[in-house]
4 protein chains.
Amino acid sequence: MTWKEKVHEVIYEADTTTGKAFDVVLIVVILASLTLVVLDSVESISLKYHNLFVTLEWIITIFFTIEYILRIISIKQPKNYIFSFYGIVDFLSTIPLYISLIFAGSGALLSLRALRLLRVFRVFKLARYTGAGSVVSVALKRSMPKILIFLYSVIIVSFVSGTIMYLVEGPENGYTSIPIGIYWTIVTLTTVGFGDIHPVTPLGQFIATLIMLLGYGIIAVPTGIVTAEMTKENFSRNTQVCYNCGESQHKDNAEFCHKCGYPLNKSKEDIET
Amino acid sequence: MTWKEKVHEVIYEADTTTGKAFDVVLIVVILASLTLVVLDSVESISLKYHNLFVTLEWIITIFFTIEYILRIISIKQPKNYIFSFYGIVDFLSTIPLYISLIFAGSGALLSLRALRLLRVFRVFKLARYTGAGSVVSVALKRSMPKILIFLYSVIIVSFVSGTIMYLVEGPENGYTSIPIGIYWTIVTLTTVGFGDIHPVTPLGQFIATLIMLLGYGIIAVPTGIVTAEMTKENFSRNTQVCYNCGESQHKDNAEFCHKCGYPLNKSKEDIET
Amino acid sequence: MTWKEKVHEVIYEADTTTGKAFDVVLIVVILASLTLVVLDSVESISLKYHNLFVTLEWIITIFFTIEYILRIISIKQPKNYIFSFYGIVDFLSTIPLYISLIFAGSGALLSLRALRLLRVFRVFKLARYTGAGSVVSVALKRSMPKILIFLYSVIIVSFVSGTIMYLVEGPENGYTSIPIGIYWTIVTLTTVGFGDIHPVTPLGQFIATLIMLLGYGIIAVPTGIVTAEMTKENFSRNTQVCYNCGESQHKDNAEFCHKCGYPLNKSKEDIET
Amino acid sequence: MTWKEKVHEVIYEADTTTGKAFDVVLIVVILASLTLVVLDSVESISLKYHNLFVTLEWIITIFFTIEYILRIISIKQPKNYIFSFYGIVDFLSTIPLYISLIFAGSGALLSLRALRLLRVFRVFKLARYTGAGSVVSVALKRSMPKILIFLYSVIIVSFVSGTIMYLVEGPENGYTSIPIGIYWTIVTLTTVGFGDIHPVTPLGQFIATLIMLLGYGIIAVPTGIVTAEMTKENFSRNTQVCYNCGESQHKDNAEFCHKCGYPLNKSKEDIET
């Protein structure tokens, strides 16, 4: 195994001790870098510790630069990495500080640094190993088509209601355009209710009442969809079929058929011999 | 097949290629027309592109006019279409631009053009084909009587609470009338909470607390209703049909029909022999 | 049957045609009377139609007076009715107009007239006959102990959080006392969020974030309780036990056992003979 | 039994009549003490009854002091109690009034007295006996890993969305820093919606719309998790225990143990014969 292969295993894989350790270090550095971005956005903190933040920012940028170079070197087809989603994210989230040396423009700098947020999604790769999240994500994926139809209906309702509220309340009460009316409807339908815009005329308040009751009623729909999907999970994850009696609805941890008592892990051949 | 019959098949049916294509074109034009209405309502956009919008509006109106005339010509009983729900919607949403040539009144014009929104519901006819929405709509239809009783209770509670809040808080704190009190109760009970009106006196705040806890507790009811209905769907996974009486909703572990007592695993041939 | 007995049957019972008709008339008059109260509370309407309202109010009051007298006359033990809950409500909601003839005090008058609201609950007696609401109310009754424990926990959390927010944010940010802090917590925990009071300090906003996530998480609890109870309903309403094989989990509309095919309505004696 | 043992049984245990009575008295005094703290925080009440409150505060403090001393005396290993969680809470919540005799500082006094809130959690020990809360807490405990993954996703989303809103809306519209953006996202995602900060630019309102729809959609996830867990409870209605291996979670229609394949209806005697 060459040193390139070793580096590849550490950076790209997670099945060795050093590979896992590298992933953990990477997550810590990403989180530290994000904390820097967050704290630097708070004016009172930024004024005091700006110099410290710049120093730390440079350390992190150099770490990311080394990581980026190693990723390119250790892979057989560097193009595959460079033009992949994470390759571009890694490049764009590392480069801004170098650019800021040449051009001074803190606004543009900040907006590119925010791309580091996307690196967080690498963390999700770890979550995949835990397996605990799989039940949730399977249930969500299966419910997706139903939820999309639900969202489609919500958008149609928002459209109709947004136009009506624009006509009823009008610009003088804050409903300055139909998009604002749609925005208000979604704020109301989802029971968020900021209150930045709210009906003032009696008719508008009456329509708002109907929309709220509708929103209160239909919140049950996505809940029902996901719950039904999750309850299904409860008893159908075991796909084993008993070779003796053909019973198929076994408990997840079943080793014997609950109907005839035959061992579930015995195949057809076992029976014949 | 005469040309009228051909036109009828294209406009009214959706089981031929051209019929489906026409439906898609219609939806695109409706959505484009709605986008126009929406964008024209935003003052900053309207000031710049008003002339373009007027031109596009005329093109769409002429398209809808041709569609309307073809619908009348190609049907055997034109009256059935003209005085149907969609017939009236089509007429009212096409006419405003022609009227605006004679009388100038942009407000009234806009309000009639908004009727085009109702045309969107034609899109739902397409959704019917997808079949994906059917589980949701079946569960919703079955839950409807229970949800209506629930809404009825909510309205009674709103009435009582609205009057109490009107008496407790009074006009000086924004509760200017009992309808406003009812409006506030529904805003609170559905957990929307705009904050345009809110209790100020300690007693009012205490009553508001009770209403909020009530609302938080009863949100479970519509959710429970719909979920129970959807889970029910889950259980009818047994797709066996009784060969004797035709009953199809059997329990998963059923071996005999619960309606006529006939064995479920016996096929038609078994009966005859 | 004396005339008193006839009046009793019409007023107190609902199993004859005239009895039902009387109930419907009563509900209409109560709703009309409530509509009067509601409309009279809207200042702009009240100024115009006050005289009409007073006249209608007198007609309704006289109707209620006659009903009240008939209820007393037609019952064997008038005391039972007069000092019952509805007896007192009927008396208090009828008397205010007569009192206003002697003393002039519209505020007190209004507050007593609002008692008519309680008469609406008589309408619920009708709802009882429909039977459609019974599944909902049975599930709610069964979930009650669990929901009470849930509410108890919510109140404890509100108490703790209300005190913390009072200490953290203090009177200068609107949290003028611990009860106000508790009120704010419940507004937040139930996801109502009026925004009349909201955290201003970073620490307060951080604690608010935790409370919101908690509220978002625990809304699942009452929902889960009611849903589980309602799903239970789905398959356990049929309490029949098969006399042949002892199977007990039958479908609601089952006439034969799904396990052995034996008729469910046959008793033990039928088998022996 | 010495008097120390008797005191121990009364104070620490709850299985005797006097033990239970003591617990009830303790809860009443704690609640009374908390009511005092709450009422004293309301300025208008505090001004009037401050002297009464101080007197009652002293009576309660002396009661707590006696309880604290008895708890130390009656236990075999006083250290175990003194340095336990409740031991420290008891000490810190009793001491402030004594300190206030020496140093005058009402603010610090109040903040320590608030520790008495923690004593309320002793009340939960009583709830444990009721058993009614156990189903809820078992379902909650089992759902915990899934809910944590859910909360983790919510936090990632809040982070991303908070940064985007900070960049899009900027400090001039109230989004003064990324933490404020995260705070706003959680306010919105949980459908609380205070309205203290809200999007003003069209792009910000569009993103807010997406976040609200997301929040509305994902509220189904914790609900689904808890409900599925609670419904699971429903399914383990089969209380049979396998006489061979002791497994107890059998399917409703199980005839053989799914773990060892032993017939479930055979009793111990059957095995021996």
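Are Glu67(B) and Arg71(B) buried or exposed? Both Glu67(B) and Arg71(B) are buried, where buried means under 20% relative accessible area, exposed means over 50%, and partly exposed lies in between (1.4 Å probe, protein chains only). The model is predicted: local features need pLDDT of at least 70, side-chain atom pairs count only at pLDDT 80 or more, and totals for chains, interfaces and linings use all residues. Residues are numbered from 1 along each chain as its sequence is written, chains are lettered from A and ligands numbered from 1 in the order in which they are written, and side-chain values use heavy atoms, leaving out hydrogens and water.

**Chain A overall**

- Chain A has 14 helices and zero strands. Helices (H or I, at least four residues) and strands (E, at least two) are DSSP runs, numbered from the N terminus.
- Read from the N terminus, the elements of chain A run α-α-α-α-α-α-α-α-α-α-α-α-α-α.
- Chain A has 273 residues, and 46% of them are buried.
- The accessible surface of chain A is about 13500 Å². Carbon and sulfur atoms account for 68% of that surface. Accessible areas come from the Shrake-Rupley method with a 1.4 Å probe; for residues, only the protein chains shown count as cover.
- Take the contacts in chain A between residues at least 6 apart in sequence: 53% of these join residues at least 24 apart. A contact means heavy atoms within 4.5 Å.

- Over all chains, the structure has four salt bridges. A salt bridge is a side-chain nitrogen of Lys or Arg within 4 Å of a carboxyl oxygen of Asp or Glu.
- In chain A, Arg71(A) and Glu67(A) form a salt bridge at 2.6 Å, N to O. They sit four residues apart in helix H3 of chain A, so about one helical turn separates them. Both Arg71(A) and Glu67(A) are buried.
- In chain B, Glu67(B) and Arg71(B) also meet in a salt bridge, at 2.6 Å, N to O. They are four residues apart in helix H3 (residues 43-74) of chain B, which means about one helical turn.
- In chain D, Arg71(D) bridges to Glu67(D), with the closest N and O atoms 2.6 Å apart. Four residues, about one turn, separate them in helix H3 of chain D. Arg71(D) and Glu67(D) are both buried.
- Why does the spacing matter? An α-helix has 3.6 residues a turn, so residues three or four places apart point the same way.

**Helix H3 of chain D**

- Helix H3 (residues 43-74) of chain D bends by about 80 degrees at Tyr49(D). The bend at a residue is the angle between axes fitted to the seven residues ending there and the seven starting there.
- Buried residues in H3(D) include Phe53(D), Ile60(D), Phe64(D) and Tyr68(D).

**Aromatic pairs**

- There are 28 aromatic pairs over all chains. Rings of Phe, Tyr and Trp (its six-membered ring) pair if their centres lie within 6.5 Å; planes under 30 degrees apart are stacked, over 60 edge-to-face, and the rest tilted.
- The rings of Tyr175(D) and Trp184(D) have centres 5.5 Å apart and planes at 70 degrees, so this pair is edge-to-face.
- Tyr175(D) is buried at 0% relative accessible area, and Trp184(D) is buried at 1%.
- In chain A, ring pairs link Tyr68(A), Tyr81(A) and Phe91(A) into a cluster.
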